[in-house]
Amino acid sequence: MIEMAVTVDDLPVHGIAHPDLSRNQVADMAIAALTKHNVRACGFVNGGQLASPEVVRVLKAVHRLPGGGRIGRVLCRAGVLDPRPYLSRQFPDVKLEYRAILERWLAAGQELGNHGYWHSNINLVPISTFTTGISKNQQLLLTLNRKQDKVFRYPYLREGCTAEQRRSVRSYLDKNGYKIAQVTVSFKDWTWNRPFVKRISQGKVDDVHRIKAAFLKVAQMRLEWSVNTAQQLVGRPIKHILLLHLSSFTASVLDELLSTYSAMGVKFITLEEAMSDPVYTIDPNVLSEKGCTFLEQLFLSERCYLD
């Protein structure tokens with residue numbers, strides 16, 4: 001038996017939109033799949049998506065100016081914000097119903113977590129800006145759920161490329177009672193959304209089926225890798241944490257993915273249950289400019305953690 005929690009990043013929406021489905025319909029599709037399989041997932045929220053449309057329009061206008069990309073980088077380094085995820089086609093003008101998606105997510109018995117207000121890259125913004133984004137996002141979550149737990153996931157799975165960044169943010173999280181939601185099973189599901197939407201738009205049904213079949217095969221292989229790697233690094237089975245995103249593609253294939261994992265012997269547990277595994281008390285203390293899963297961090301630390 002493989003115990004695994006399901007987590008979904010970048011709520012309330014992620015990726016380019018489905019040509020035939022609204023954002024609400026995509027969210028409802030994901031919620032329906034989770035409910036069908038009795039999965040209580042934790043969705044990690046970027047509250048900046050709920051910012052006023054005027055704010056987003058201004059950011060997009062800046063980006064369209066000559067040198068807009070450079071201006072965006074200057075804003076990041078100056079500590080104003082990390083606007084880049086919201087300046088691309090990935091996020092159209094914010095819709096008022098985005099908050100309703102989060103409300104329906106909670107009403108369906110799912111959970112929410114903190115993914116930073118602006119999905120900031122810890123390696124690009126000042127530490128004070130990064131931690132302010134965590135605090136601001138938590139305030140938003142409390143307006144949705146007064147009993148909201150303090151559980152945080154680093155955007156991009158990046159925990160800092162300098163000792164000061166990593167130490168300072170972890171100290172902030174510890175002092176303010178946050179738990180870090182790590183990831184052990186990931187196969188970059190977000191990268192499949194664009195080709196999926198493109199084929200849907202072109203009416204290439206056969207290609208859509210092939211994309212889904214390939215995705216499910218990769219998902220199986222990655223889970224097997226994670227289970228075997230954890231056994232080698234820790235010396236025992238661990239409780240795993242799966243990373244997904246709330247995109248049109250992932251929502252459309254989620255029912256099949258959960259069925260596939262169930263057939264592989266997966267028992268779905270809550271994130272709280274998964275994080276109760278003592279393995280997550282380990283700090284691998286790995287510095288990296290790239291995002292790493294927890295198992296990758298353990299491997300890069302060049303140590304084995306045998307009980």
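Visitor: How many helices and strands are there in the chain?

Guide: The chain has 12 helices and seven strands. Both are DSSP runs numbered from the N terminus: helices are H or I with at least four residues, strands are E with at least two. This is a predicted model, where local features need pLDDT of at least 70 and side-chain atom pairs count only at pLDDT 80 or more, while totals for chains, interfaces and linings use all residues. Residues are numbered from 1 along each chain as its sequence is written, and side-chain values use heavy atoms, leaving out hydrogens and water.

Visitor: What share of the residues in the chain is buried?

Guide: Buried means under 20% relative accessible area, exposed over 50%, and partly exposed in between, with a 1.4 Å probe and protein chains only. Of the 307 residues in the chain, 54% are buried.

Visitor: How many aromatic pairs does the structure hold?

Guide: Rings of Phe, Tyr and Trp (its six-membered ring) pair if their centres lie within 6.5 Å; planes under 30 degrees apart are stacked, over 60 edge-to-face, and the rest tilted. The structure holds 11 such pairs. In one, Y117 and W118 have ring centres 5.5 Å apart and planes at 80 degrees, so this pair is edge-to-face. Y117 is buried at 11% relative accessibility, and W118 is buried at 14%. Elsewhere, ring pairs join F187, W192, F196, F215 and F249 into a cluster.

Visitor: Which residue lies over the face of Y117?

Guide: A charge sits over a ring if NZ of Lys or CZ of Arg is within 6 Å of the ring centre and within 35 degrees of the ring normal. K136 lies over the face of Y117, 4.3 Å from the ring centre. R222 lies over the face of W225, at 4.3 Å from that ring centre.
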